[in-house]
Amino acid sequence: MTITMYGITNCDTIKKARTWLESHDVAYRFHDYRVEGLEAERLDGWSGKVGWEILLNKASTTFRELSDRDKTSLDGKKAKALMLAKPTMIKRPVLDLGDRILVGFKPDVYQQAVGGLKQV
């Protein structure tokens with residue numbers, strides 16, 4: 001199984017999640033979507049798995065700095081456009097396990113999902 005973590009390098013939560021994976025010898029690839037971008041199809045896939053409401057981080061500085069007009073009447077289409085324009089509004093990290101994704105970082109959830117995987 002190929003695990004990919006999506007996020008931005010300087011995020012504290014990303015740093016904690018990466019440290020957890022590395023300390024548990026879990027192999028993964030890191031994708032910095034600020035540098036490498038994020039395809040609309042991938043965001044659609046994530047939204048289909050967990051819903052845009054989970055992915056859109058309304059507590060982020062980027063979201064809070066939006067105009068009131070941009071923050072109101074949110075729906076999937078509008079949220080997708082916002083997240084593609086400013087990926088820092090996506091809750092981090094997104095851990096792609098292939099058949100499912102984990103959004104955010106909680107050590108107990110990571111342990112249950114990938115704790116048994118070892119680097120090869």
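In which hand does H2 pass H6 at their crossing? I looked up two helix pairs to find out how each one packs.

**Ground rules.** I am working from a predicted model, where local features need pLDDT of at least 70, side-chain atom pairs count only at pLDDT 80 or more, and totals for chains, interfaces and linings use all residues. Residues are numbered from 1 along each chain as its sequence is written, and side-chain values use heavy atoms, with hydrogens and water left out.

**H2 and H6.** I found that H2 passes H6 in a right-handed crossing (the near helix is turned clockwise from the far one by less than a right angle). H2 covers residues 40–50 and H6 covers residues 76–85. Helices here are DSSP runs of H or I, at least four residues, numbered from the N terminus. The two axes come within 11 Å and cross at roughly 130°. That makes H2 oblique to H6. I then listed the contact, meaning heavy atoms within 4.5 Å. Ala 40, Leu 43 and Asp 44 of H2 meet Lys 80, Met 83 and Leu 84 of H6. These contact residues divide into 4 nonpolar, no polar and 2 charged.

**H1 and H7.** Next I took H1 (residues 12–23) and H7 (residues 107–114). Their axes come within 11 Å and cross at roughly 40°. H1 and H7 are therefore oblique to each other (angles under 35 degrees count as roughly parallel, over 145 as roughly antiparallel, 65 to 115 as roughly perpendicular and the rest as oblique). I noted a right-handed crossing for H1 and H7. From H1, Ala 17, Trp 20 and Leu 21 meet Pro 107, Tyr 110, Gln 111 and Val 114 of H7.

Notes: Axes are lines fitted to C-alpha atoms, for helices over the stretch in contact, and angles run from 0 to 180 degrees between N-to-C directions. Ala, Val, Leu, Ile, Met, Phe, Trp, Tyr, Cys and Pro count as nonpolar, Asp, Glu, Lys and Arg as charged, and the others, Gly among them, as polar.
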